[in-house]
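Please look through the structure shown here with the report that accompanies it. The headings follow the topics in turn.

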Amino acid sequence: MKTGRRTAAAAAFVGVLGLSVLNAPTAQAADTGITVSGIVVNDGKPIVVGTTKEVEPPISFDIALPSGYSTDDPSRYDAFPFLYRGSIQTAADTGENFIGPGGYTCFERDTKHARCEGELYIDPYPSHDEVDSNSDATTWKVGVSLRLFKADGGLKAAEREPRSTTVRLKRAAKATTNASPEPVTKGKPITVTGKVTRANWGTKRYDGYGGRTVSLQFRAKGATAFRTVKKATTSSTGGLKATVTASLDGYYRWVYYGNSTTGVATSTADYVDVR
C-alpha cells in the first residue's frame, strides 16, 4: 500500500501546519517530550473501503507538550497518529503500508494540553493506489509521529512511537435483491434472488463473493423491524436464491454480516404485494 498524495493540514490554535506524510521524522530519532494519548480511530470500529470512494475515518487524540513549548505557538511542534503495517520506520519513510491523516484540528485546553479531532485519509482510486492489494484487508497498527522545532524553524527533535492499539481494514461488500412474482397470490411461492459482491482492491472492481452464508429478511408492511426468515449460501459467482410462501405484503432483503476481511452488506429491500 502506498501513501496518500494529500497534505495533512492541522489547524492548531493560531496557525496551520503543513504535514506531508513523507515529511515524517528521519531515522535519527530523539525524545521530543510530547505525549499523545487517548487515541480513538473510527470510533473503535473497522474501516471499510470500496474501490473508488475516498474514506475519511475519524480520529481523536490528546496532546501534552514538554517544558518550553506552548499551545500558543503551534508552529513549533506537531504530533499525529497514523496507521501502518510491518516496520514503523519503513512504512513512514517510504509511504508503503502507511495511512496518514487527512487533516485535524486541535482545541486548546491550557498552554500545555490540547484535544485534537480530524480524520485519516484513504483513496482507493486507481491513480492514487491508497489500497492496492487485497492483502491490505487485515489488522493495522497505530503509530504516532512527533516533532519539535527550534525558534528559527529548524528541526530540534523527532520520533515515531508504536502503540498497542490496532485497527481492522476491510473490503467493502454489496448485496442486491429481487423478489418475484409481483404481485403474488397468497399461499403461492415467492422466489427471492440476489448477489453478494466485494471490493477487489487490485482490479478496482466488485467480484462475486462465493461460499458466504447470507440472511434473507422480511419486514411486513406497517412493521418497523426486519426478521430473518431463511438463510442461503452464495454460489461461486456470489448468486443467491431462496423460495418462501407468500403470506403478507412486505419487503424482502438480503443481509451479509461480513467477516474479518469484509464489511457488512445490506441490499435495498424489494416490496411484494400479496393478494
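## Disulfide

The model is predicted, and a search through the whole of it finds 1 disulfide. The partners are Cys106 and Cys116, whose sulfur atoms lie 2.0 Å apart. Cys106 belongs to strand β8 (residues 101-108) and Cys116 to strand β9 (residues 113-120), so the bond ties together parts of the chain that are 10 residues apart in sequence.

The torsion about the S-S bond of Cys106 and Cys116 is about 105°, and the disulfide is therefore right-handed. Both Cys106 and Cys116 are buried.

## A buried threonine in a loop

Thr71 is placed in the loop that runs between β5 (58-64) and β6 (77-84). Although Thr71 is a loop residue, its relative accessibility is 1%, and because buried means under 20%, Thr71 counts as buried. The side chain of Thr71 reaches the backbone oxygen of Asp110 at 2.9 Å.

## Nonpolar cores

The largest nonpolar core has 40 residues, and the members that touch the most others are Val36, Ile47, Ile63 and Leu169. The largest share of this core, 6 residues, is contributed by β6.

For Leu169, once neighbours within four places in sequence are left aside, the contacts include Ile47, Val49, Ile99, Ile122 and Val131. Leu169 is also in contact with Asp136, Ala137, Thr138, Trp140 and Trp201.

## An open sheet

An open sheet is formed by 5 strands in the order β4-β11-β10-β6-β7, and the pairing within this sheet is mixed. The edge strands are β4 (47-49) and β7 (98-99), each of which pairs on one side only.

Within the sheet order, β6 is next to β10, and β6 pairs with strand β10 (residues 139-149) in the antiparallel sense over 8 bridges. Tyr77 stands opposite Leu148, a residue of β10.

## Aromatic pairs

The structure holds 6 aromatic pairs. In one of them, the rings of Phe82 and Tyr84 have their centres 5.9 Å apart and their planes at 55°, so the pair is tilted; edge-to-face would require planes over 60 degrees apart. Phe82 and Tyr84 are both buried, and ring pairs link Phe82 and Tyr84 with Phe98 into a cluster.

The rings of Tyr209 and Tyr256 likewise form a pair, with centres 5.9 Å apart, but here the planes stand at 90°, so the pair is edge-to-face. This pair links distant parts of the chain, since Tyr209 sits in the loop between β14 (205-208) and β15 (213-220) while Tyr256 sits in strand β18 (residues 250-256), 47 residues apart. Tyr209 counts as buried at 8% relative accessibility, and Tyr256, with a relative accessible area of 4%, is buried too.

Note on methods:
Residues are numbered from 1 along each chain as its sequence is written. This is a predicted model: local features need pLDDT of at least 70, side-chain atom pairs count only at pLDDT 80 or more; totals for chains, interfaces and linings use all residues. Side-chain values use heavy atoms; hydrogens and water are left out. A disulfide is a pair of cysteine sulfur atoms within 2.5 Å. Helices (H or I, at least four residues) and strands (E, at least two) are DSSP runs, numbered from the N terminus. Buried means under 20% relative accessible area, exposed over 50%, partly exposed in between (1.4 Å probe, protein chains only). A polar contact is a pair of N or O atoms within 3.5 Å; within protein, one must be able to donate a hydrogen and the other to accept it, and residues adjacent in sequence count only if both atoms are side-chain atoms. A nonpolar core is a set of buried Ala, Val, Leu, Ile, Met, Phe, Trp, Tyr and Cys residues joined through side-chain atoms within 4.5 Å. Contact means heavy atoms within 4.5 Å. Two strands pair if DSSP finds at least two bridges between them. Rings of Phe, Tyr and Trp (its six-membered ring) pair if their centres lie within 6.5 Å; planes under 30 degrees apart count as stacked, over 60 as edge-to-face and the rest as tilted.
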